[in-house]
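Student: I have the model open. Can you take me through the sheet and then one of the helices?

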Amino acid sequence: MVVGVVSYGLGNVQSVVAALQRIGVQPEVLHSGDELIAAAPDRIIMPGVGAVGAALHQLKATGLKSALNHLVIEERRPFLGICVGMQVLACTCEEFGSHEGLGWIEGSVGRLESQDRRLRLPHIGWNNIVVRKKGSPVADLDGTDFYFLHSYALRCPAECVAATADYGGSFVAAVSQGHIHGVQFHPEKSDVAGGRLLKQFLSLPC
């Protein structure tokens, strides 16, 4: 199986590569649309850190946006987005302006809203998830702690929500729609739990 890690200049790529290597997987790091099409990976993982608008700009500038649309939407290659790599899946993203997302998941990205004023943003640290959907990479990880670092969150229809977490209110921690998956937390920084998540993504049927 060829596992491709998408690198567009803003992702936590080396940490994701190291996490995959710890579970016995040697991925290919792909920096452009041409490289992604040529590799035609069986599984695609897209990390992300920083602002979603900058991520979307880089995906377009490197040709990765059109290559991802071809492989994930047309050829239905299984995909996992991490943090900002999940947020770009939305239709619209509101962070430092309004941005058009990839539109693979119906929904929008907005600032994380907490009902507890004592809680500050960004939301940093370990938090447990509540699994809401079977057949996703998080299906067997109910109650497991993962590492989060974010100020924005994806809002989407309930049928797309694979898991939620709580930070002064419930927010989407993972999404799953067919072969398209995303997690708001960082499996590459979540030790053993992160390895389990990555293994489960790689073992899902096409």
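Tutor: This is a predicted model, where local features need pLDDT of at least 70, side-chain atom pairs count only at pLDDT 80 or more, and totals for chains, interfaces and linings use all residues. Residues are numbered from 1 along each chain as its sequence is written, and side-chain values use heavy atoms, with hydrogens and water left out.

Student: What is the order of the strands in the open sheet?

Tutor: The order is β2-β1-β3-β4-β14-β13-β12-β9, 8 strands with mixed pairing. Strands (E, at least two residues) and helices (H or I, at least four) are DSSP runs, numbered from the N terminus. Two strands pair if DSSP finds at least two bridges between them.

Student: Which are the edge strands?

Tutor: β2 (28-30) and β9 (130-131), each pairing on one side only.

Student: How many bridges join β3 to β4?

Tutor: 3, and the two strands run parallel. Met 46 stands opposite Gly 81 in β4.

Student: Now α4. Which of its residues are buried?

Tutor: In α4 (residues 64-74), Leu 64, Ala 67, Leu 68, Leu 71 and Val 72 are buried. Buried means under 20% relative accessible area, exposed over 50%, partly exposed in between (1.4 Å probe, protein chains only).

Student: Why do they line one face of the helix?

Tutor: Seen down the axis of α4, the buried residues fall within an arc of 105°, so they line one face. The arc is that of the directions from the helix axis to the C-beta atoms. Ser 66 and Glu 74, on the other side, are exposed.

Student: What comes just after α4?

Tutor: Arg 76, with a positive phi of about 60°.
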